[in-house]
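Could you walk me through this structure in my viewer? I would like to know what to select at each stop and what is there.

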Amino acid sequence: MDKFVINGPCKLSGSVETNGAKNAVLPLMAASLLARGECVIKNVPNLRDVATMTRLLEILGAGVAFKNHVLTIDTSKLTCLEAPYDLVRTMRASIYVMGPLVAAHKKARVSQPGGCAWGPRPIDLHIMALERLGAKVALEHGYINASAKRLRGAEIIFPVSSVGATAQTLMAAVLAKGETTLKNCALEPEVVELAKALNKAGAKIQGVGDRTMTITGVDAIEPFTHRVMPDRIEAGTFAAAAVATAGRVKITKCDPSNLSAVLDALTVCGADIEIGEDSIDVQGPDRVEPAHVVTREYPGFPTDMQAQMMAVLCRAKGTSTVKDTIYTDRFTHVPELRRLAASIRLDGNLAVIHGVKGLEGAPVMATDIRASSALIIAALMAKGRTDILRVYHIDRGYEKIERKLRRLGADIKRMPQ
Ligand code: UD1
């Protein structure tokens, strides 16, 4: 196991490239199971979660090759239809294979994911939707057993907008017999990207990018080639780090159009932001202004940027608030930020952050992907040495973050824990 050792404070400066989006590539990898043959996914980030999904596809019998950010998945000879506990417990997105397996191979046995660091994270909507499409679903010994001779179209209304349930249901409905209408779909760009990729592969999805999508089932999904969109959360994390450190960072190869809520919040903090076609130039203020942030579904402020935003606000000139309405328990970073001398009070899903003049380095523990990047941002602001333990969390979602930060002038080292 590794840790990061960061000596702060520092001012980030320079330019950094964005990798492909983790949350877009994982459903695309699962979607390859709908086709028989070779799918090619380009601009794939080299992440632990991608390696976990690769292992899962290999267990199912797919041949997977990964080189130079290009992933080739051969699904012509699947030998197993089970996602085992050991993989699902390390990465919840493993449940994405359930819909494609039932739709294309008539059954799936997938371990129930259980809770995660920030609460219960249910999958009831994934199961409800598969049942509405005619699958028989039984929960047995910690596994979800789902089967259907052929799924059939249905009208499905999601009571809450869910990225995972929308993606899962799309992947199942494309091969169902007849027409499916999905209402209250998630609008997150990664879901839109999945729908576009499926349409390129022969699916018939109408209303891509709308709350209501209509899917006319087809008999086969063809092997596809697709280039993954840039990771908006990675880009947002670097923008937040620039603001926190009063730095100047140009983030390239990103898509500024899906970062509006984050860039608006950073502007309130006093950042000067210039938006290019596929780049963002961020100049942080000398001292951050307070802000009030509420996480919402896309296009609102993303819950995946909540922790990083809170880190930025730790050194603001007054009192700020951050409220998470998507994951109301997602605050495992708060006690760790307090170890770095941040002043944060938690009241349910509302964090009240009293800005302090300076943070102080200390040993802290990474608890999930985004909490870890918040700790990195705080450590870059803090005076002295911070050791961040358990960085495997960050390796799940950020490719070579320490190298990228070093190039921006940070004093950060990866060391054995
Ligand atoms: C995805 C992202 C995650 C992000 C989250 C919200 C991936 C791999 N992960 O997670 O990084 O933080 O979107 O943008 O893309 N819900 C239910 N029942 C369900 C499913 C969800 O009640 O069956 C609720 C959740 O508790 C939550 C809300 O719906 O309150 C949104 O969750 P959802 O969009 O499903 O998150 P994930 O797809 O798990």
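This is a predicted model: local features need pLDDT of at least 70, side-chain atom pairs count only at pLDDT 80 or more; totals for chains, interfaces and linings use all residues.

**Stop one: a threonine in a helix.** Start by selecting residues 232–244, which form helix H8, and pick out Thr237 within them. Is Thr237 buried or exposed? Its relative accessible area is 4%, so it counts as buried, the cut-off being under 20%. Now show side chains: that of Thr237 makes a polar contact with the side chain of Gln308, at 3.1 Å.

**Stop two: helix H9.** Next, select residues 260–268, where Val262, Leu263, Ala265 and Leu266 are the buried residues of H9. Look along the helix: these residues cover an arc of only 160° around the axis, so they sit on the same side of H9. What covers them? Among the elements to display are H8, from the previous stop, and helix H10 (306–313). Strands S16 (272–275), S17 (280–283) and S18 (292–295) also belong to this cover. Before leaving, click on Gly270, which follows H9 and has a positive phi, near 105°.

**Stop three: the second largest pocket.** To locate its centre, select Glu17, Thr18, Asn19, Lys253 and Lys404, which lie nearest to it among the 17 lining residues. Strand S2 (13–17) and helix H14 (401–407) each give two or more residues to this lining. Colour the lining by class and you will find 8 charged, 5 polar and 4 nonpolar residues.

Conventions: Residues are numbered from 1 along each chain as its sequence is written. Side-chain values use heavy atoms; hydrogens and water are left out. Helices (H or I, at least four residues) and strands (E, at least two) are DSSP runs, numbered from the N terminus. Buried means under 20% relative accessible area, exposed over 50%, partly exposed in between (1.4 Å probe, protein chains only). A polar contact is a pair of N or O atoms within 3.5 Å; within protein, one must be able to donate a hydrogen and the other to accept it, and residues adjacent in sequence count only if both atoms are side-chain atoms. On a 1 Å grid over the protein atoms alone, a cavity is a set of points where a 1.4 Å probe fits but cannot get out, and a pocket is an open set with protein on both sides within 12 Å along at least five of seven lines; lining residues have an atom within 4 Å of a point. Ala, Val, Leu, Ile, Met, Phe, Trp, Tyr, Cys and Pro count as nonpolar, Asp, Glu, Lys and Arg as charged, and the others, Gly among them, as polar. The arc is that of the directions from the helix axis to the C-beta atoms. Contact means heavy atoms within 4.5 Å.
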